Amino acid sequence: MRFLSRRLVMPSDLNYAGSLFGGRALEWIDEEAAIYAICQLETNVLVTKHIGEISFESPALQGDVVEFGLATKKVGRTSITVTCMVRNKATKKTICVADDIVFVRVDTETREPIPHGKTLKELENQTKQELRSLNMLTD
């Protein structure tokens, strides 16, 4: 799992108990997962179809920096399924995990699903090439 972005937990992100509001975490997860899927499929004409199990494991507090780890689980003909883990940057404690987030490519006019033309193997190779170009992978 690659941790790709970070956010600072601000006072406006907190619930009545003083920890990160679950709804805000879900908003961030949907956005981060969408950006990840857009980059993987090289198209921004995607919609969120499904978010599976969400497990909250530890709180994030005001001032915490949280980071988002994303990984591709499955690639369908019109869809991509990803997993997102949110963790505390400093402690590495898992804050929450959202599994089986499904995005579907749609036609801009009809809004019907259309093939994206990618396979899981192609996406794995694409990621390896990106990491090599950034000098982040040696094999």
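These legends go with a set of close-up views of one predicted model.

**View 1. Helix H1, from end to end.**
Here we zoom in on helix H1, which covers residues 22-41. H1 has 20 residues, and its first and last C-alpha atoms are 28 Å apart, close to the 28 Å you'd expect at 1.5 Å a residue. Quite a list of H1 residues is buried, including Ala25, Trp28, Ile29, Glu32 and Ala33. Tyr36, Ala37, Gln40 and Leu41 are also buried in H1. Just after the helix comes Glu42, with a positive phi of about 55 degrees.

Helix H2 takes in residues 120-133. Which residues of H2 are buried? They are Leu123, Gln126, Thr127 and Leu131. Look down the axis of H2 and these buried residues fall within an arc of 130 degrees, so they line one face of the helix. Turn to the face pointing away from that buried side, and you'll find the exposed residues Lys121, Gln129 and Ser133.

**View 2. What H2 packs against, and what follows it.**
What do the buried residues of H2 pack against? Their partners are strand E1 (2-8), helix H1 (22-41), strand E4 (65-75) and strand E5 (79-88). After H2 comes Asn135, whose phi is positive, near 55 degrees.

**View 3. Lys92 meets Glu67.**
Side chains of opposite charge can pair when their charged atoms come close. In this view, the side chains of Lys92 and Glu67 meet in a salt bridge, at 3.7 Å from N to O. Lys92 sits in the loop between E5 and strand E6 (94-105), while Glu67 belongs to strand E4, so the pair ties together parts that are 25 residues apart in sequence. Is Glu67 buried or exposed? Glu67 has a relative accessibility of 3%, so it counts as buried. Lys92, at 40%, counts as partly exposed.

**View 4. Lys73 and two aspartates.**
Lys73 is in strand E4, and Asp99 is in strand E6. These two form a salt bridge, with their closest N and O atoms 3.3 Å apart. The pair links distant parts of the chain, 26 residues apart. Lys73 also forms a salt bridge with Asp100, and here the closest N and O atoms are 2.8 Å apart. Asp100 is in strand E6 too, 27 residues from Lys73.

**View 5. Leu8 and a nonpolar patch.**
Leu8, Met10 and Val65 form a nonpolar patch on the surface, and together they have about 230 Å² of accessible area. Leu8 is found in strand E1, and Val65 has its place in strand E4. Both are partly exposed: Leu8 has a relative accessible area of 43%, and Val65 has 32%. Which residues does Leu8 touch, once you skip those up to four places away in sequence? The answer is Asp13, Trp28, Gly63, Asp64 and Val65. Leu8 and Glu67 are 59 residues apart along the chain, yet their C-alpha atoms are separated by 8.9 Å.

**View 6. Asn88 and its contacts.**
Asn88 lies in strand E5. With a relative accessible area of 9%, Asn88 is buried. Leave aside neighbours within four places in sequence, and Asn88 is in contact with Asp64, Val65, Lys93 and Ile95. Where is Leu61 relative to Asn88? The two are 27 residues apart in sequence and 9.6 Å apart in space, going from C-alpha to C-alpha.

Note on methods:
Residues are numbered from 1 along each chain as its sequence is written. This is a predicted model: local features need pLDDT of at least 70, side-chain atom pairs count only at pLDDT 80 or more; totals for chains, interfaces and linings use all residues. Side-chain values use heavy atoms; hydrogens and water are left out. Helices (H or I, at least four residues) and strands (E, at least two) are DSSP runs, numbered from the N terminus. The expected span of a helix is 1.5 Å times one less than its number of residues. Buried means under 20% relative accessible area, exposed over 50%, partly exposed in between (1.4 Å probe, protein chains only). The arc is that of the directions from the helix axis to the C-beta atoms. Contact means heavy atoms within 4.5 Å. Patches are made of residues with over 30% relative accessible area and no salt bridge: like charges are joined within 9 Å, nonpolar side chains (Val, Leu, Ile, Met, Phe, Trp, Tyr) within 5 Å. Accessible areas come from the Shrake-Rupley method with a 1.4 Å probe; for residues, only the protein chains shown count as cover. A salt bridge is a side-chain nitrogen of Lys or Arg within 4 Å of a carboxyl oxygen of Asp or Glu.
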